[in-house]
Amino acid sequence: AERWEAVPLAPPDSIFKLTAAYKADTHPNKVNLGVGAYRDDDSKPWVLPVVKKATEILLNDPTVDHEYLPITGLPEYTAAAARLVFGKDSSVIKDERVASVQTISGTGANHLGALFLSKFYGWNEKRIYVSDPTWVNHHAIFPQVGIPVSTYPYYDPQTIGLAFPAFLETLKTAPARSVFLLHACAHNPTGVDPTREQWGQIADAMLEKGHFAFFDSAYQGFASGDLENDAWAVREFARRSVPLLVCQSFAKNAGLYGERVGALHIVAPSKEGAARIKSQLSVLARAEISNPPAHGARLVSLILNSDELFEDWKRDIKTMAGRIIAMRKELHRLLTEELKTPGNWDHIVNQIGMFSFTGIGPAQSQALVEKAHIYLTSNGRISMAGLNSHNIRYFATQLDKAVR
Ligand code: PLP
């Protein structure tokens, strides 16, 4: 018998399947709203000018070689990345209580964080609570290392907003010391974030129950255009000593998707505790990747550690976030003022980040794909980055048709 006969064929990844269908479509007005990456006003990938500048510097640096990085990554990168998320004046930074390790982008940070917890967390019950819905990969990453996933209520289809009372109730009734995965900002896939006041209440509940916050931060700066603003929840939780870790990605905010630049930061109660945690992260990383890729980390390190490049980066982040926010406003205006589309569309401007839950159902989403050549996932999620000045009117008109 053939050796691998028992291996079943896995279904294709739904997003990749959507992209393939979009590519195969020859209709001139086709629109891809499934894409999880920034596109410029001409639907093209955008290399940030600051990244071009940093690349040029690296190219001309005679000291750059292709030797291995340390197991835990480029030290000047991980240190600057920690300052970026926690703030340089944060007590966790000043007291050197953060164990930081370079990872294979945000996905690798989620995985390494999960693996570390699976081995070392003092569980009452091994389980992670993720929002309903969440980034689909969360449902794969945790079971992969033997951590079952439960969901907490998050999205309320009635209001197309946050199911806050039900969320809070789950925080209060979950076993003590449970682990809750929280999206630091720009929740994927809904675009719905808690308000600062609600974050405060979430922190209260977590402190009361001794829960652990597993922050996934994939969009710092990319969401609002302001790095400080988008780090607010993480910093507030750190300030209030909620036990936490942060998974950090530079895929979106630096446009370095394929370079896989990320970091895992675990906050410890003491400097000595952080050193012990980092020693174990190093053991885990050694077995999995030996050491992380150098190029992207060098680019981000240059950007974070130079005042000039950092200012350039902030400008580029504003360009990306600004275009996405402008698309939200224009879509809202077209639906409410021009087309007088039935229903309330305020969620389009109230949501934040690359993704928006439009509130339309699977049948309407399907109709948009089949009749209008507009590609989106069946949950009604659209990527704002897929909209631009050339296609937004077409999209608004087709959405209007689909909901009438
Ligand atoms: N976490 C969330 C919530 C995301 O949306 C993403 C990307 O879509 C990631 C993590 C990880 O992305 P990457 O591994 O490219 O950094």
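Before we look at the close-ups, here is a handy definition: an axis is a line fitted to C-alpha atoms, for helices over the stretch in contact, and angles run from 0 to 180 degrees between N-to-C directions. Helices (H or I, at least four residues) and strands (E, at least two) are DSSP runs, numbered from the N terminus. This is a predicted model, in which local features need pLDDT of at least 70 and side-chain atom pairs count only at pLDDT 80 or more, while totals for chains, interfaces and linings use all residues. Residues are numbered from 1 along each chain as its sequence is written.

**View A. Helices α15 and α16 pack against each other.** Two packed helices are described by the angle between their axes and the distance between the axes. For α15 (residues 362-372) and α16 (residues 392-403), the angle is about 130 degrees and the axes are 10 Å apart. That makes α15 oblique to α16 (under 35 degrees counts as roughly parallel, over 145 as roughly antiparallel, 65 to 115 as roughly perpendicular and the rest as oblique). Gln-364, Ala-367, Leu-368 and Ala-372 of α15 are in contact with Gln-398, Ala-402 and Val-403 of α16 (C-beta atoms, placed from the backbone, within 7 Å). This contact has five nonpolar, two polar and no charged residues (Ala, Val, Leu, Ile, Met, Phe, Trp, Tyr, Cys and Pro count as nonpolar, Asp, Glu, Lys and Arg as charged, and the others, Gly among them, as polar).

**View B. Helices α3 and α12 form another packed pair.** Here α3 and α12 (residues 295-305) meet at an angle of about 55 degrees, with axes 9 Å apart. The two helices are therefore oblique to each other. From α3, the residues Glu-76, Tyr-77, Ala-80, Ala-81 and Leu-84 meet Ala-297, Val-300, Ser-301, Leu-304 and Asn-305 from α12. Sorted by class, the residues of this contact are seven nonpolar, two polar and one charged.

**View C. Seven strands make an open sheet.** Follow the order β2-β10-β9-β8-β7-β3-β4, and note that the pairing is mixed (two strands pair if DSSP finds at least two bridges between them). β2 (98-104) and β4 (149-153) stand at the edges with a single partner strand each, so one side of each has no neighbour in the sheet. From one strand to the next, the twist averages 25 degrees. β2 runs antiparallel to β10 (residues 261-267), and seven bridges join them. Look for Ile-104, which stands opposite Val-261 in β10.

**View D. Helices α3 and α7 lie across strands of the sheet.** α3 (residues 75-86) lies across β2, β8 (212-217), β9 (244-249) and β10, at about 110 degrees to β2. α7 (residues 164-173) lies across β3 (128-132), β4 and β7 (179-183), at about 135 degrees to β4.

View F. Most residues other than glycine have a negative phi, and most peptide bonds are trans. The bond from Asp-132 to Pro-133 is cis, with omega near 0 degrees, and Pro-133 sits in the loop between β3 and α6 (138-144). Ser-290, which is not a glycine, has a positive phi of about 65 degrees.

Note on methods
Contact = placed C-beta atoms within 7 Å.
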